[in-house]
Amino acid sequence: MAFNGTVQSDFLKLVRVEDTDKTNLIDFAATDFLSLRQSLINYIKAVYPLEYNYFSESDLGMVLIELVAYMGHVMSYKADYLANENYLRTARSRESVKRLLELIGIRMKGPIAAASDAKLTIQGAAPSWGATSYLSISPENRVISVASPEDGLPITYTLYKVAADGDIDLSNQNGYITIATSEKASNTVVSSLVILEGSLVIESGQFADTEALKSVVLQRSPVIEGSVQAFIEGQSSTSGQYRQVDNLFFASGVADKVFQLLSTEDYGGTVVFGDNALGKVPAIGDTYTIIYRVGGGTRGNIANGILNSTVQGLFYVTPAASPQAYSLVVENTSKGTGGADAETIEHAKKYGPLMFRAQDRLVTLLDFKAFVNSYISSYGSVGKATAVTRRAYSSANIIDIYVLEKSNNIQLRKATPEYKRQIAEAIQDKKMLTDEVVIVDGLIRTLDLIITLRIDNRYQALENTIKNKASVKILDHFNVDNNDFGKAFNPQELLYKIFEVPEVRFATIDNASEAIKVGFNEIVQLNNYTINVVYV
């Protein structure tokens, strides 16, 4: 064969990548699907230039490349997720935040029940009240069910009696309400009552195990925050009513009759008693009665007069006389407010570490603020608060706590005298002796907004859906847990959240172009908002 003057050589077959050099071709910065896919293609082009060079979407080789990229993306996400979930600041999962806080003895709060004043009217001929007469209402007759105005589904309320000191009477372990002659408003009306959202549950049993730590797993959920009562009967040293504490480490000694509620992910609960080092432990053979309510949330917030239900009661002229049956009409005489969903992740991450730092005593202003913002009254009410010291002359030991009571997830209201009284009493045992605490009403600055969304013409059929998505962003921005005293309203922060709705091309707040500043004792609250849509 004659030489034609051209040297031919398949250099691609002669130049190959050594195994020791292949690691230099790995792109360790690739973590997502697209970057992993491209890095795999680049690697194959470099190492197998002749063996495979058909990078078509329909080719089996590309299928394998994309499957590897898919798994790489999943594994990368899992690694980042697990790393983030190990730290409170970056955790996103509720279960992760819950477990991290439990490591430092802080429990995330469950759903909260709405509360309303109530009255009871005795039907028919008025009973003959005497000095020792009383009206008795059984546990099953204390429970009232109606349709929720929020979604039309059934919702349950439980009737309670208000004690002389203004607290709810929780001292009766058999679940009965007993109304004496001195507690009635008239011969046919009893007004010293409240209704709390939730269905009443009574569980009883006997401690038979020999374990040092006694516990009772509650059978129903979600358990309403602050509703659990525990009664023990048996040995004289262990019998009586036990009170709930956030952590058994808060028990002051061996004789303290306390219990701790451990919550599950679905807001179930386990009642855990002391161990004779931190709180009293019930004895083997003691019987227990646990009374609690299940339910909670915003569904319980109802208007005045929604409840008008008939229950049955027994009237005793004297304790030894045979009872007379009466029909009793129960009505709510005020709005049902305070119902809220379980504690949000944001609230727990903000106040949990502060509560841990306070160590069950109140010294700094942050201690007072964290305590009041995490406090739950006997009615189940929670609030929003800030704490400041006075700056006039020698009054730095006087601490003013500005407080508002939570009405629902986005609205606050003026705190009731009873709520403020309970806060003051709770603070008394934890503050420094020289501190003087004054509970003051915070101020609400209401805000009406007109918001215009600009969206593409092709989304006209989805207008209501898009407006609903924007509403979710707006309400989340004004959620009580995301707001604070003295925090200015910045329109750009709200617009930034609205822009997260993918169908919204642009948005404006027509009646608020600049930040609205408020005083240290004021809080901005959304009153009404209107969403307009313009197609472009």
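User: In this predicted model, which residues of α6 meet which residues of α7?

Analyst: From α6 come Phe368, Phe371 and Val372. Their partners in α7 are Tyr419, Ile423, Ala426 and Ile427. By class, this contact has seven nonpolar residues, no polar ones and no charged ones.

User: What makes these residues count as being in contact?

Analyst: Heavy atoms within 4.5 Å are what contact means here. The α6 residues Phe368, Phe371 and Val372 meet their α7 partners in that sense.

User: Which residues form the contact of α5 with α6, and how do they divide by class?

Analyst: On the α5 side are His347, Tyr351, Leu354, Met355, Arg357 and Ala358. They meet Leu366, Asp367, Lys369, Ala370, Phe371, Asn373 and Ser374 in α6. The residues divide into seven nonpolar, three polar and three charged. Phe371 of α6 takes part here, and Phe371 is also among the α6 residues that meet α7.

User: Why is α8 called oblique to α9?

Analyst: Helix α8 (residues 463-477) and helix α9 (residues 491-498) have axes that come within 9 Å and cross at roughly 140°. The roughly antiparallel label is kept for angles over 145 degrees, so α8 counts as oblique to α9. Their crossing is right-handed. In α8, Lys473, Ile474, Asp476 and His477 meet Glu493, Leu494, Lys497 and Ile498 in α9. This contact divides into three nonpolar residues, one polar and four charged.

User: Let's turn to the pockets. What makes a residue part of the lining of the largest pocket, and which residues lie nearest its centre?

Analyst: A lining residue has an atom within 4 Å of a point of the pocket. For the largest pocket, 46 residues line the space, and Arg243, Gln244, Val245, Tyr375 and Ile376 lie nearest the centre. The elements giving two or more residues to this lining are β9 (229-233), β10 (240-245), α5 (345-358), α6 (365-374) and α7 (417-428). The lining divides into 20 nonpolar, twelve polar and 14 charged residues. About 1,500 Å³ of space lies in this pocket.

User: What is the volume of the second largest pocket, and which element gives the largest share of its lining?

Analyst: The second largest pocket has a volume of about 300 Å³. Its lining has 15 residues, with Ala115, Asp117, Tyr379, Arg413 and Thr416 nearest the centre. Strand β1 (115-122) and α7 each supply at least two of the lining residues, and the largest share, three residues, comes from β1. By class, this lining has four nonpolar, six polar and five charged residues.

Key: Residues numbered from 1 in each chain as written. Predicted model: local features only at pLDDT ≥ 70, side-chain atom pairs only at ≥ 80, totals over all residues. Heavy atoms only, no water. 1 Å grid on protein atoms, 1.4 Å probe; cavity = no way out; pocket = protein on both sides within 12 Å on 5 of 7 lines; lining within 4 Å. Points joined across faces, edges and corners; volume = space filled by probe spheres on them. Helix = DSSP H or I, 4+ residues; strand = E, 2+ residues; numbered from the N terminus. Nonpolar A, V, L, I, M, F, W, Y, C, P; charged D, E, K, R; others polar. Axes fitted to C-alpha atoms, helices over the stretch in contact; angles between N-to-C directions. Parallel < 35°, antiparallel > 145°, perpendicular 65-115°, else oblique. Left-handed = near helix turned anticlockwise from the far one by under 90°.
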